[in-house]
Amino acid sequence: MQDRKIKILGTGKYLPSRIVTDEELDQRLGVQPGWVHKMTDVGFRHYATDEETASFMGARAAETALKSAGLRFEDIDCLVCTSGTKEQPLPSTAVWIQRAMGQDMSGVPAFDIDATCLSFLAGLDVMSYMVHAGRYRNVLLVATEIASVGLNWKDKESAALFGDGAAAVVIGPAGEQEAARIRQASLRTYSKGAHYSEIPGGGTKYHPNQPIPVEDPFKFHMDGQGIFRLASKLLPGFVDELLGGSHINMKEFKVVIPHQGSAMAMRLLQKKLGIAPAQFMNITPGHGNTIAASIPMGLHEAIQQQRLHRGDPLLLIGTAAGLTLGGMVLDY
């Protein structure tokens with residue numbers, strides 16, 4: 001069963017206060033002026049300050065989403081953090097978001113779903129079934145990411161890509177007469193690409209009390225070319241299967257919201273999948289790659305900019321560490 005009568009009730013986002021320009025990163029990385037902009041097409045991104053923790057940012061985005069939905073926290077049955085980075089190993093980031101919202105005695109279940117850059121898509125897929133089944137009515141999904149603390153400044157290409165920020169979405173059941181629904185969703189993981197994008201330290205594999213045979217184990221490592229080659233090979237067939245199961249073609253989508261991975265990844269998506277510029281939701285300028293927050297941020301912006309109206313078909317699409325491909329077809 002794929003078709004689910006699920007409605008996006010409200011969205012919100014939060015961007016941290018510190019703005020970091022391409023020019024500033026040119027200097028920090030020791031590259032020629034204009035190099036960062038040519039490589040990333042970002043312009044500026046936001047970095048969290050010490051006070052702007054992941055839970056703080058997530059809570060602010062969540063509050064905006066609740067206001068957008070016309071709901072209060074008391075109307076929420078479950079809070080799920082759908083992030084690729086964690087505030088700390090234990091407990092889950094969702095717990096800290098609940099606390100940052102002033103709801104530490106609410107009893108509302110709070111847990112994390114992590115599929116790296118596709119965490120929001122995976123969380124939306126999983127939790128929509130819970131809503132569809134009647135287990136929960138209104139679910140708050142929050143993606144909050146601080147990439148800046150884990151950047152490997154020796155890897156100039158990846159270090160220039162990322163920004164921090166949070167986005168939140170409230171979902172609930174759609175009425176039988178409403179157009180809103182999830183038509184189809186798919187996640188495919190090809191662990192051949194597991195080493196293409198990773199942070200090896202921080203878990204049980206490498207412990208700080210033991211010698212670690214890896215340089216910069218707690219920093220982000222990325223093989224951009226490896227990701228590009230594998231994704232380029234797999235994406236067209238993946239999308240054909242996804243759209244075939246949804247009985248829709250690419251031209252019918254009002255908006256296509258990709259994971260904002262990199263300028264190269266965005267060009268790959270547009271070219272390989274035949275996405276028209278008018279359909280493509282590109283928020284990389286002003287945001288950078290905000291990991292799992294990028295898709296819900298794009299969704300929020302599409303709604304705020306009135307590029308998306310009730311009943312419009314939209315596509316969420318992207319790649320993540322793993323290597324994982326993900327897509328979802330919805331009617332907003």
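This is a predicted model: local features need pLDDT of at least 70, side-chain atom pairs count only at pLDDT 80 or more; totals for chains, interfaces and linings use all residues.

**Stop 1: Asn138.** Select Asn138, in the loop between α5 and β6. What does it touch, beyond residues up to four places away in sequence? The list is Leu9, Leu71, Asp75, Ile76, Asp77, Cys78, Ile171, Gly172 and Pro173. Is Asn138 buried or exposed? Its relative accessibility is 10%, so Asn138 counts as buried. Now show the side chain: one of its polar atoms lies 3.2 Å from the backbone oxygen of Asp75.

**Stop 2: Gly134.** Stay in that loop between α5 and β6 and pick Gly134. Gly134 counts as exposed because its relative accessibility is 56%.

**Stop 3: the main core.** Next, select Leu124, Met127, Val139, Ile171, Ile257 and Leu316, the residues with the most contacts inside the largest nonpolar core, which has 54 residues. Helix α5 (residues 119–132) gives the most to this core, with 6 residues. In soluble globular proteins, nonpolar side chains tend to be buried together. Zoom in on Leu316: apart from neighbours within four places in sequence, Leu316 is in contact with Phe120, Leu121, Leu124, Ile257, Ile295, Gly326, Gly327, Met328 and Leu330. There is also a second, separate core of 25 residues, and Phe238, Leu243, Phe253 and Met266 are among them.

**Stop 4: a cavity.** How many cavities of 30 Å³ or more are there? The count comes to 1. The largest cavity has a volume of about 50 Å³. To see its lining, select Ile6, Lys7, Ile8, Leu124, Ile171, Arg181, Ile182, Leu314, Leu330, Asp331 and Tyr332. The elements giving two or more residues to that lining are β1, β8 (181–189) and β13 (324–331). Of the elements, β1 gives the most, with 3 residues.

**Stop 5: helix α3.** Select residues 54–69 to bring up α3, a helix of 16 residues. From first C-alpha to last it reaches 22 Å, close to the 22 Å expected at 1.5 Å a residue. Colour its buried residues: Ala54, Ser55, Met57, Gly58, Ala59, Ala61, Ala62, Ala65 and Leu66. These pack against β1 (6–14), α4 (93–100), β6 (139–145) and β7 (165–173). Just after α3, look at Gly70, which takes a positive phi of about 70°.

Stop 6: Go to Pro91, in the loop between β4 and α4. The peptide bond from Leu90 to Pro91 is cis, with omega near -10°. Ser92 is found in the loop between β4 (78–81) and α4 as well, and Ser92 counts as buried because its relative accessibility is 17%. Another cis peptide bond runs from Gly322 to Leu323, with omega near -10°; Leu323 lies in the loop between β12 (313–320) and β13.

Finish with Thr116, in the loop between β5 (110–112) and α5. What is its phi? Thr116 has a phi near 50°, a positive value in a residue other than glycine. Asp216, in the loop between β9 (197–198) and β10 (221–222), also has a positive phi, of about 50°, although Asp216 is not a glycine.

Methods. Residues are numbered from 1 along each chain as its sequence is written. Side-chain values use heavy atoms; hydrogens and water are left out. A nonpolar core is a set of buried Ala, Val, Leu, Ile, Met, Phe, Trp, Tyr and Cys residues joined through side-chain atoms within 4.5 Å. Buried means under 20% relative accessible area, exposed over 50%, partly exposed in between (1.4 Å probe, protein chains only). Helices (H or I, at least four residues) and strands (E, at least two) are DSSP runs, numbered from the N terminus. Contact means heavy atoms within 4.5 Å. The expected span of a helix is 1.5 Å times one less than its number of residues. A polar contact is a pair of N or O atoms within 3.5 Å; within protein, one must be able to donate a hydrogen and the other to accept it, and residues adjacent in sequence count only if both atoms are side-chain atoms. On a 1 Å grid over the protein atoms alone, a cavity is a set of points where a 1.4 Å probe fits but cannot get out, and a pocket is an open set with protein on both sides within 12 Å along at least five of seven lines; lining residues have an atom within 4 Å of a point. Grid points are joined across faces, edges and corners, and a volume is the space filled by probe spheres set on the points.
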